[in-house]
Amino acid sequence: QVQLVESGGGLVQAGGSLRLSCAASGRTFSSYYMGWFRQAPGKEREFVARIRWSGGSTDYAASLKGRFTISRDTAKNTVYLQMNSLKPEDTAVYYCAADTTPGGGGYNYWGQGTQVTVSS
């Protein structure tokens with residue numbers, strides 16, 4: 001019911017910035033949260049940030065708050081992840097996800113991911 005396509009990844013120097021986009025289609029209005037996750041080589045997928053579609057309240061992984069900002073454009077059905085002051089440790093595949101569970105709590109739709117590589 002929800003299709004997600006990430007874009008905006010690439011290679012960036014340490015200290016640089018990238019903005020990832022997640023274009024949503026389908027029953028996007030059924031989504032309670034839209035989130036960003038990432039998975040680095042050899043590591044488990046980890047939570048990055050989420051935004052409530054209605055109202056736009058946000059939550060971040062504690063270690064990333066201050067460098068990363070999640071936002072949305074409701075008119076474009078798009079979620080963004082602005083990443084600043086990037087570090088090599090941020091290198092990962094970044095995934096967009098939709099949580100359609102009433103009240104939140106379960107990400108049941110996922111994009112294919114976009115690679116972010118931060119060079120030192």
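**View 1. Tyr32 and the residues it touches.** Leaving aside residues up to four places away in sequence, Tyr32 touches Ile51, Arg52, Trp53, Asp99, Thr100, Thr101, Gly103 and Gly104. A contact here means heavy atoms within 4.5 Å. The model is a predicted one: local features need pLDDT of at least 70, side-chain atom pairs count only at pLDDT 80 or more, and totals for chains, interfaces and linings use all residues. Residues are numbered from 1 along each chain as its sequence is written, and side-chain values use heavy atoms, with hydrogens and water left out. Tyr32 sits in the loop between β3 (18-26) and β4. Strands (E, at least two residues) and helices (H or I, at least four) are DSSP runs, numbered from the N terminus. Tyr32 has a relative accessibility of 23%, so it counts as partly exposed. Pro102 is 70 residues from Tyr32 in sequence. In space, their C-alpha atoms are 6.7 Å apart.

**View 2. Trp53 in the loop between β5 and β6.** Trp53 is one of the residues that Tyr32 touches. Its loop runs between β5 (46-52) and β6 (58-60). Trp53 counts as buried because its relative accessibility is 11%. Thr74 lies 21 residues from Trp53 along the chain. The C-alpha atoms of Trp53 and Thr74 are separated by 7.8 Å.

**View 3. Arg38 and its salt bridges.** A salt bridge is a side-chain nitrogen of Lys or Arg within 4 Å of a carboxyl oxygen of Asp or Glu. The count by this rule is four. One of them joins Arg38 to Glu46, with the closest N and O atoms 2.6 Å apart. Arg38 is buried, at 7% relative accessibility. Glu46 is partly exposed, at 34%. Arg38 also forms a salt bridge with Asp90, at 2.9 Å from N to O. Arg38 is in strand β4 (residues 33-39) and Asp90 is in the loop between β8 (78-83) and β9 (92-99), so this pair ties together parts 52 residues apart in sequence. Asp90 is buried too, with a relative accessible area of 1%.

View 4. The side chains of Arg50 and Asp59 form a salt bridge, 3.0 Å from N to O. Arg50 has a relative accessible area of 25%, so it is partly exposed. Asp59 is partly exposed as well, at 33%. Elsewhere, salt bridges with shared partners join Arg38, Glu46, Arg67 and Asp90 into one network.

**View 5. Two loop residues with positive phi.** Asn77 has a phi near 50°, a positive value in a residue other than glycine. Asn77 lies in the loop between β7 (68-73) and β8. Its relative accessible area is 22%, so Asn77 is partly exposed. Ser85 is not a glycine either, yet its phi is positive, at about 50°. Ser85 belongs to the loop between β8 and β9. Ser85 counts as partly exposed, at 41% relative accessibility.

**View 6. The whole chain, for orientation.** The chain has 11 strands and zero helices. Its C-alpha trace spans about 40 × 25 × 25 Å along the principal axes. The radius of gyration, taken over C-alpha atoms, is compared with a globule rule of 2.2 Å times the number of residues to the power 0.38. For 120 residues, a compact globule would have a radius near 14 Å; the chain has 13 Å, which agrees. Of the 120 residues, 42% are buried. Among contacts between residues at least 6 apart in sequence, 54% join residues at least 24 apart.

View 7. The accessible surface of the chain is about 6100 Å². Carbon and sulfur atoms account for 47% of that surface. Areas come from the Shrake-Rupley method with a 1.4 Å probe; for residues, only the protein chains shown count as cover. The chain carries 12 positive and 8 negative side chains. Lys and Arg count as positive, Asp and Glu as negative; His and the chain ends are not counted. The centres of the two sets lie 5 Å apart, with each charge placed at NZ of Lys, CZ of Arg, CG of Asp or CD of Glu.

Technical notes: Buried means under 20% relative accessible area, exposed over 50%, partly exposed in between (1.4 Å probe, protein chains only).
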